[in-house]
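Work through the exercises below with the sequence and the model side by side. Try each task before reading its solution.

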Amino acid sequence: MILQSIETPADLKGLSSDDLETLSGEIREFIINSVTKTGGHLGSNLGVVELTLALHRVFDSPNDILLWDTGHQAYVHKLLTGRRYGFKQLRQRGGISGYPNRSESEHDWIESSHASTALSYAHGLSVALQHRHELAGHGGNRHVVAIVGDGSLTGGMAYEALNNLGHSEQRCVIVLNDNGRSYAPTISKLSESLTTLRLNRTYVSTRERLRQWLRRIPLVGRLAYVGVHGVTSVVRELVTPHTFFENLGVRYVGPIDGHNIAAMETAFESAATWDGPIVVHVLTEKGRGYAPAVSDNLKLHDYKIPANYEDDEVVPTSYAEAFSKTLLELAEQDDRIVALTAAMAGPTGLLQFQQKFPDRFFDVGIAEQHEMTAAAGMAMGGLRPVVCVYSTFFARAFDQANLDVGLLNLPVVMIFDRAGITGDDGPSHHGILDMALCLAIPNMTIFAPSSPDEVRAMLTTALSMTTPTALRFPKTLPTPMDGLVGSGLKARQVSRGDGSLCVLAVGKMTSHAYAALQLLGDESTKITLYDVRVLPPDPLMIDDALSHDRVVTVEDGTRHGGAGAFMVSCLRSRAQELGRPFPVTRILGVPRAYLEHHKPDELLAEIGLDPAGLAAAFRRSLNDEPEFVRPLPEAPRPIYY
Ligand SMILES: Cc1ncc(C[n+]2csc(CCOP(=O)(O)OP(=O)(O)O)c2C)c(N)n1
């Protein structure tokens, strides 16, 4: 096994081309074996094996800086930088993260994992290295290399950075990893023309002839060979990517076979000598080496471990399924309903909608900001747009939701899937800000279903309103409750106590609070439990809460400036208005911290939001004991063994 002898990128340097081919096969086998056990981004990583090898052979990481856009495709990079053993616990507590992570390795620089940021980081780092006289060609020997997928290149930030890089002529190498897909096939004209280029036999063969010819001309040399020299541009003008990049001031080289290590090495070596921004366009095959991932357009981007259900067991309906089904039904009755996604049709439950209503379905690329304002335009024009995003990615579109939708009071329905603690993907993917952000938007109504059964009533209400609305739900199922649902904009009283304590619980946390009451036995007779359902909160619920001695709010979003803080301020204003005493209040929610990857339920337990943690918190409140200050869960350092 060659892979076992690779502890640092330097170990790659002496390998022959046969060794590299063998190593590529071993890496693929390793990734398939690991990821099908732990879950993770399979297809993307299988596609970049040779690309990562070539990068690490040409560039000298960490002296040279490799920036992986999004970062879900950095498993091979992790393998080559001493983290082989961490894969046993990929995305698990104590194991390595599914994205680059600075605490894991000096070879990792960024860890945001929201797409389309690497070119901006590259610009900034290149400026900083130049300032310190460390940048190649500017007094030093360091290079900045950003690796960006064709999917991530559909995000606005990437274009902003390209424009700025081209204009400032800031030196960096941009590797465009083009596999024609993001989750689903990439939605962009640029991507289509990249594909045309990839398939254009005349172009590729003419270019090859020209290159061979150029190579034979003395002095024009290697630069011309890889296409940096303008001689080949006559051919390249025939197709658009070259024109696209070069019009922005960014040189273009390619396309290059992304599974041919030698060809990529030649291209990278030459690109590294270019004193300005340069795109090296490599063509890769997503999922290469694993037939199910190559042929699967959607699912094997992110490999999920199959759920462990017995055959005859009924699989409970998830929130996302309830949403998809209801949306389809409502869309059949109202042809103004349209759905938008930012390259996440599958994960946000829109595949059936896309199939049934292709003209009313819009995949806008990884472009949440544009998605939101496009929806505003559709609403303005009389449609009823439903914007589907993960809660974490909504943060990208906050300004648009606030000023393009909110200010104009447009009836856009926003669906935030994966709200709350999400787990495996780590700090960048928790959906803990959506309520705090949406509550800052005047006119906005937020629905938080306590169970999938609530989704139908809430989506129907949201679509009947003439103002902006959001419906937020988690991926994981709630613990079973009383099976009842509320209606309209009303809160639902789940149980009635003796006036000692009123618990106002939001979304899935209602079911945890309900389970906490069961754990408290007789003590639960002192507790009134509300399923808040809608924010801003139902005024009748607020009045009733004021009749209790104590109020505790529970949410799986940030406890700072979120739903609880909002409800407490409503209680305070109302108490003042009525001249009534203000109850003792406590806000339970997610602490102000970046929570590491872990199983969602275990993370919830660590921050005291599981039934046992809530039961203890309710008891402390009833006994007027001080709030228990919980130490923040600290992720142990990854174990290498
Ligand atoms: C802002 C944002 N929206 C959505 C996502 C979810 N997401 C993760 S990877 C991915 C596809 C990326 O496609 P591409 O850059 O082409 O990489 P590939 O997996 O094809 O190699 C998407 C949409 C994200 N990470 N960030």
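**Exercise 1. Find the bridge partner of valine 503 in β16.**

Step 1. Valine 503 has valine 552 as its bridge partner in β16. This is a predicted model, in which local features need pLDDT of at least 70, side-chain atom pairs count only at pLDDT 80 or more, and totals for chains, interfaces and linings use all residues. Residues are numbered from 1 along each chain as its sequence is written.

Step 2. Strand β13 (residues 501-505) and β16 run parallel and are joined by 5 bridges. Two strands pair if DSSP finds at least two bridges between them. Strands are DSSP runs of E with at least two residues, helices are runs of H or I with at least four, and both are numbered from the N terminus.

Step 3. Turn to β17 (residues 584-590): 6 bridges join β16 to this strand, also in parallel. Here valine 554 has leucine 588 as its bridge partner.

Step 4. Check the cover of β16 (residues 550-558). The strand is mostly covered, with 9 of its 9 residues buried. Buried means 20 or more other C-beta atoms within 10 Å of a residue's own, the atoms being placed from the backbone.

**Exercise 2. In which order do the 5 strands of the open sheet lie?**

Step 1. The order is β1-β2-β3-β5-β4, with parallel pairing.

Step 2. Neighbouring strands are turned by 20° against each other on average, direction ignored. Axes are lines fitted to C-alpha atoms, for helices over the stretch in contact; angles run from 0 to 180 degrees between N-to-C directions.

Step 3. Look at β4. Its link to β5 (residues 277-283) has 5 bridges, and the two run parallel. Arginine 251 stands opposite isoleucine 278 in β5.

Step 4. Contact requires C-beta atoms, placed from the backbone, within 7 Å. Helix α5 (residues 118-131) lies across β1, β2 and β3, at about 175° to β2.

**Exercise 3. At roughly what angle do the axes of α1 and α3 cross?**

Step 1. The axes of α1 (residues 17-38) and α3 (residues 49-58) cross at roughly 125° and come within 10 Å.

Step 2. That angle makes α1 oblique to α3.

Step 3. Locate the contact: residues including Leu20 and Ile27 in α1 meet Val49, Glu50 and Leu53 in α3.

Note on methods:
Two residues are in contact if their C-beta atoms, placed from the backbone, lie within 7 Å. Angles under 35 degrees count as roughly parallel, over 145 as roughly antiparallel, 65 to 115 as roughly perpendicular and the rest as oblique. A residue is buried if 20 or more other C-beta atoms lie within 10 Å of its own, exposed if 12 or fewer, and partly exposed in between; C-beta atoms are placed from the backbone.
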